[in-house]
Amino acid sequence: MQVWTIIYDKSDFPDTLYQSALPLVDHSARAKITRFHRREDACRQRFSPLFDDLALTPCLGSLIGSLLPRVLLRKRGVPRDAIVFANTDTGKPYSTTPGLDPPLGFNVTHDEGVVAMAFGTGDLGPPAYNIGVDVMQLKVPPRTTFREFVDSVSSQLTAAELDAVLAEIPESEAIRRFYWVWTLKEAYTKALGIGLGFDFRRIEYSVQDTVTIDGEPARGWQFRKFEVAHSGNRYVGMAARFIGGRSMSIAELDEGSLVCYDAASFVQRAIEELT
């Protein structure tokens, strides 16, 4: 499993580049992109923000989110005219490009100035395959204490998770713990592609490398942690993948499996490879 991250700064992203890239995506994706009110929103892809019903709401509606899997398929040697996508009934996008061997699983997310895509071979859970990713900036909402922030989402955390994030530790470490827990929950549900209504309390991450689902070990799952820095801010991310079997692993993403691009360079590359 690998992760590509795109660092977005609107001051370094000219409108001419945005307009040149729009024709590279299909009509339905372009329609979703152009309905955003702000260009910076259109240049990213947004999956469920923390306070939007705490639910998975996937869409392939942003420019960079749409370009990421297309560039990946071009890298695998797929002709640009052969690249096609579809969505599951719950909205999770997947590739229907013919002749992919091995199959491809991917998932895209973003928070603030970072877009991320996790991808790997499609092992289980076709057609979209069980791969998910989430990334979030380490911060507390303005005019809110950390305790108030945690209390606002406490219904989605288990008692053990609350104990871990509210322990007598420095606040910076508590914030980090919280977002490791949250991004794991998001990545897991995105890997399942199950849409609205999943109770996050069914997932428990002890922050000690143990993950349970409905009280049982998350057998067959891989969880990979990664971090990204952007403009003085830190982001943490989690990628999840179901490969089957009896074991579960959670670890840092392997060296070399995390690749970072700046948005302008990535989109310029996409224009060159997709036209």
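A nonpolar core here is a set of buried Ala, Val, Leu, Ile, Met, Phe, Trp, Tyr and Cys residues joined through side-chain atoms within 4.5 Å, with buried meaning under 20% relative accessible area (1.4 Å probe, protein chains only). Keep in mind that this is a predicted model, where local features need pLDDT of at least 70, side-chain atom pairs count only at pLDDT 80 or more, and totals for chains, interfaces and linings use all residues. Residues are numbered from 1 along each chain as its sequence is written, and side-chain values use heavy atoms, leaving out hydrogens and water.

The largest nonpolar core has 36 residues, and Phe13, Ile64, Leu67, Leu68, Met117, Phe266 and Val267 touch the most other members. Elements giving this core two or more residues include α1 (15-21), α4 and α8; helices are DSSP runs (H or I, at least four residues), numbered from the N terminus. Take Val267: leaving aside residues up to four places away in sequence, it contacts Phe13, Leu17, Ala21, Ile64 and Leu67, contact being heavy atoms within 4.5 Å. A second, separate core of 33 residues includes Tyr179, Trp182, Val211 and Ala218.

Now for the helix pair. The axes of α4 (residues 63-75) and α8 (residues 263-274) come within 10 Å and cross at roughly 55 degrees; axes are lines fitted to C-alpha atoms over the stretch in contact, with angles running from 0 to 180 degrees between N-to-C directions. Among the residues making this contact are Ile64 and Leu67 of α4, plus Phe266 and Val267 of α8.

Overall, 53% of the protein's 275 residues count as buried.

Key: Buried < 20%, exposed > 50% of the residue type's maximum accessible area, 1.4 Å probe, protein only.
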